[in-house]
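Thanks, everyone, for making the time this morning. I would like to walk you through one chain, and I will ask you to keep the picture in view while I talk.

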Amino acid sequence: MQTQQLQRLRTVTIFLVLLVPFGAFLFYLNWHPGLAEDHHDWVRQSSEPVPAGLTLMWLGAAGVYVSDGDTALVIDGFFTRPPLTQIVFGELEPEPERIRTALEQAGIDELDAVIVTHSHFDHALDAPWIADHFDALLLGSPSAANLARGQGLAEALIREVDDDAALRMGEFRLRFPRSGHAPLPPLLARLAGVNRSIERPLTLPAPARKFREGSLCSVHLTHPQGKVLVQPSAGHEPGALSGLEADVVLTSIAGLEKQSRAYQREFVQHGLQASHPEWILPVDWDDFTRPVSEEVPAPSLLLGNVRSSLRVLEEAAPRVLLTRPLWRMRLMRSGEDMELTRDPSS
Ligand SMILES: [Zn+2]
């Protein structure tokens with residue numbers, strides 16, 4: 001064979017060898033696994049409006065809204081949801097138009113507090129803007145406080161809380177038990193500033209890596225109408241939930257499927273079942289690089305496999321129910337029993 005032909009053959013071979021992984025990358029990037037609806041139960045819709053009780057609403061990503069009609073709280077509300085290319089290569093800052101639209105969709109027009117469980121951007125980016133917008137308290141770690149200061153939130157609205165804090169807001173009693181982050185691969189953990197803090201006010205825009213984790217807490221709410229635990233990451237701190245019962249646990253399942261079986265069992269046992277919940281509602285299983293809506297799909301298979309994460313919960317806990325972002329659910333006491341239904345007005 002002539003040299004020229006050999007060279008051409010080599011070029012074609014190199015091209016084909018590169019094409020296969022690139023094709024696989026595109027395939028996984030664009031494949032958003034659906035939820036096998038025949039295998040999952042959704043929160044049952046009530047046939048009539050449910051006037052009493054606590055309203056619970058998943059806001060997309062790890063965001064959760066809780067209200068009793070008088071006092072309203074948002075935990076980790078994140079609505080800017082920038083595209084993946086901006087998260088990886090660009091800088092981040094709150095996008096007021098996207099936040100306003102999402103708040104309107106969610107029907108949130110008053111808030112008393114915005115709670116930040118840790119200061120990664122997908123939990124904390126929008127919190128200072130939202131707190132400022134509603135003149136609400138921002139509660140979080142010293143890192144979350146520095147994030148708020150960097151965005152110019154009034155000092156009177158910033159309150160640092162730790163695992164000893166027990167606050168009263170209206171009829172809610174709030175606790176912030178220490179918790180853990182779902183383990184990340186080493187490079188990602190370094191980029192995400194795991195176990196590192198935001199030491200001084202952070203001005204925006206800033207790249208995602210500047211949103212260091214700070215300390216991480218769960219949120220436990222006690223109210224005459226029910227008890228709620230929010231687990232913002234699939235991790236736990238041994239013994240932290242002791243004595244903190246919950247009727248409902250809303251838990252992040254992001255990255256749970258990537259952990260070892262032993263880790264998954266530990267998390268389910270000590271991070272969820274330790275509160276003896278009646279219901280477990282998985283959250284944080286949507287593609288947060290798209291605007292929030294009821295129909296937002298699961299993340300691309302390149303980033304996670306929601307179905308595997310759900311199987312982990314279901315194997316371990318029989319009362320796992322699914323909800324979609326922006327569904328309003330009611331938790332209420334009915335005699336000795338608790339009820340959880342989806343409000344038909346949502
Ligand atoms: Zn995080």
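Predicted model: local features only at pLDDT ≥ 70, side-chain atom pairs only at ≥ 80, totals over all residues.

**Strands and their partners**

Let me begin with strand β3, residues 72-75, which runs parallel to strand β4, residues 113-115, the two being joined by three bridges. Within this pair, Ile75 stands opposite Ile115 of β4.

Stepping back, β3 and β4 belong to an open sheet of eight strands with mixed pairing, in the order β6-β5-β4-β3-β2-β1-β13-β14. At the edges stand β6 (158-160) and β14 (337-342), and because each has a single partner strand, one side of each is left without a neighbour in the sheet. Neighbouring strands here are turned by 20° against each other on average, if direction is ignored. Across β5 (137-140) and β6 lies helix α6, residues 142-150, which runs at about 165° to β6.

Now, which strands does β1 pair with? On one hand, β1 is joined by four bridges to β13, residues 328-334, and the two run antiparallel; on the other, β1 pairs with β2, residues 64-67, again in the antiparallel sense and over four bridges. Met57 takes part in both, standing opposite Arg328 in β13 and having Tyr65 as its bridge partner in β2. Between β1 and β2, which form a hairpin, there are five residues, and Gly60 in that turn has a positive phi of about 85°. Four of the five residues of β1 (54-58) are buried, so this strand is largely enclosed by the rest of the structure.

Finally, the domain assignment gives domain 1 as 1-30 and domain 2 as 38-342, with their C-alpha centres 44 Å apart.

Note on methods. Residues numbered from 1 in each chain as written. Domains from an automatic or database assignment. Buried ≥ 20, exposed ≤ 12 C-beta atoms within 10 Å, placed from the backbone. Pairing = 2+ DSSP bridges. Axes fitted to C-alpha atoms, helices over the stretch in contact; angles between N-to-C directions. Contact = placed C-beta atoms within 7 Å.
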